[in-house]
Amino acid sequence: MDAMSRPAVHLVDGSLYVFRAWHSMPDEFHDADGHPVNAVHGFTRFLCELLEKVKPEHLAVAFDASLTTSFRNAIYPAYKANRELPPPDLERQFVLCREVTQALGIPVLIDHTFEADDLIGSALWTLRAHGMRSVIVSADKDFGQLLGEFDEQWDYARNLRWGPAGVHERMGVHPHQVADYLALCGDAVDNIPGVPGVGAKTAAALLAHFGSLDALLDRVDEVQFLRIRGAASCAAKLREHAEAARLYRRLTRIALDAPVPTEADALRRLRGEMEAMDALCERLRFGPLTRTRLRALLS
């Protein structure tokens, strides 16, 4: 079965698009109680456009429940400690974005232990067993590790799509090496330091030669003989920080055992709730164009 003959499920990184709407939409939208709802307006327009353009039968939107309670925080307390917690106005809008998503009949994935990345990864892994291909709607580089032969990642804002080969073009490593790559060179966005002195190019070169982080650390004595800049220093740093690198990989590897529905039909878009949507439109003071789009999507 080739890629296009496989049914597709669109897995949306909801938190990313809520944050984008929060930063890009002017602060001139307020609900019936006077609270800001600019992120809700922007996120709703994004969802409408996605549904109108793709008309997906199977999809889900994954949200992060918290920046501080994931299993990674228990492993490494400094994980994402560089990020400020969302202000109360944005926290409130996250809840409203989930309400809009559910009113449109779109399944929502959320958990207090696993992040949105893990929920998307676990859903992809489960649905692959049902013969489905996944389209991950996100610009996040971490998702590259999930892409199998028939899967795609879609940076919606830039309208760029790529499969497994595109991961190598962008990062210099193959999908199965992405978690190792990020453990080596670090990920400033998530406050993962990586091995000191190992940058992106060096990490890619090491993995091209050794194949995996485990093989690299097992054969670290060979590193000093490689034709890479500062090879001897790099070997010493890898010896010194080997256990840290293994820890970082536990953080960079997307979990595939998060609690997600195991049946494909659980991620089928439902008809939606017109009454709930009408009430939300009043509460959020959506304009006539957005209301018309939402009603058309529910009809």
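Which helices each supply at least two residues of the lining of the largest pocket?

Analyst: The model is a predicted one, and what follows is computed from it. The helices asked about are α1 (14-24), α4 (88-103), α5 (116-128) and α11 (242-252); each of them gives at least two residues to the lining of the largest pocket.

The largest pocket holds about 840 Å³ of space. Its lining is made of 37 residues, and those closest to the centre of the pocket are F19, D64, L67, K80 and R83. Sorted by class, the lining of the largest pocket contains 17 nonpolar, 5 polar and 15 charged residues.

Next comes the second largest pocket, with a volume of about 230 Å³. Here 14 residues form the lining, and Q145, P175, H176, R253 and L256 are the ones nearest the centre. Two helices, α5 and α7 (178-185), each contribute at least two residues to the lining of this second pocket. The largest share is that of α5, with 3 residues. By class, the second largest pocket is lined by 7 nonpolar, 2 polar and 5 charged residues.

The cavities are a separate matter. Over the whole structure, the search finds 2 cavities of 30 Å³ or more.

The largest cavity has a volume of about 40 Å³. Its lining consists of D64, S66, L67, S70, N73, Y79, K80 and E115. These residues divide into 2 nonpolar, 3 polar and 3 charged. Three names in this lining, D64, L67 and K80, were already given among the residues closest to the centre of the largest pocket.

The second largest cavity contains about 30 Å³ of space. It is lined by D64, A65, S66, T69, S70, D111, H112, T113, F114 and E115. The class counts for this lining are 2 nonpolar, 5 polar and 3 charged residues. D64, S66, S70 and E115 line the second largest cavity and also belong to the lining of the largest cavity.

Technical notes. Residues are numbered from 1 along each chain as its sequence is written. This is a predicted model: local features need pLDDT of at least 70, side-chain atom pairs count only at pLDDT 80 or more; totals for chains, interfaces and linings use all residues. Side-chain values use heavy atoms; hydrogens and water are left out. On a 1 Å grid over the protein atoms alone, a cavity is a set of points where a 1.4 Å probe fits but cannot get out, and a pocket is an open set with protein on both sides within 12 Å along at least five of seven lines; lining residues have an atom within 4 Å of a point. Grid points are joined across faces, edges and corners, and a volume is the space filled by probe spheres set on the points. Ala, Val, Leu, Ile, Met, Phe, Trp, Tyr, Cys and Pro count as nonpolar, Asp, Glu, Lys and Arg as charged, and the others, Gly among them, as polar. Helices (H or I, at least four residues) and strands (E, at least two) are DSSP runs, numbered from the N terminus.
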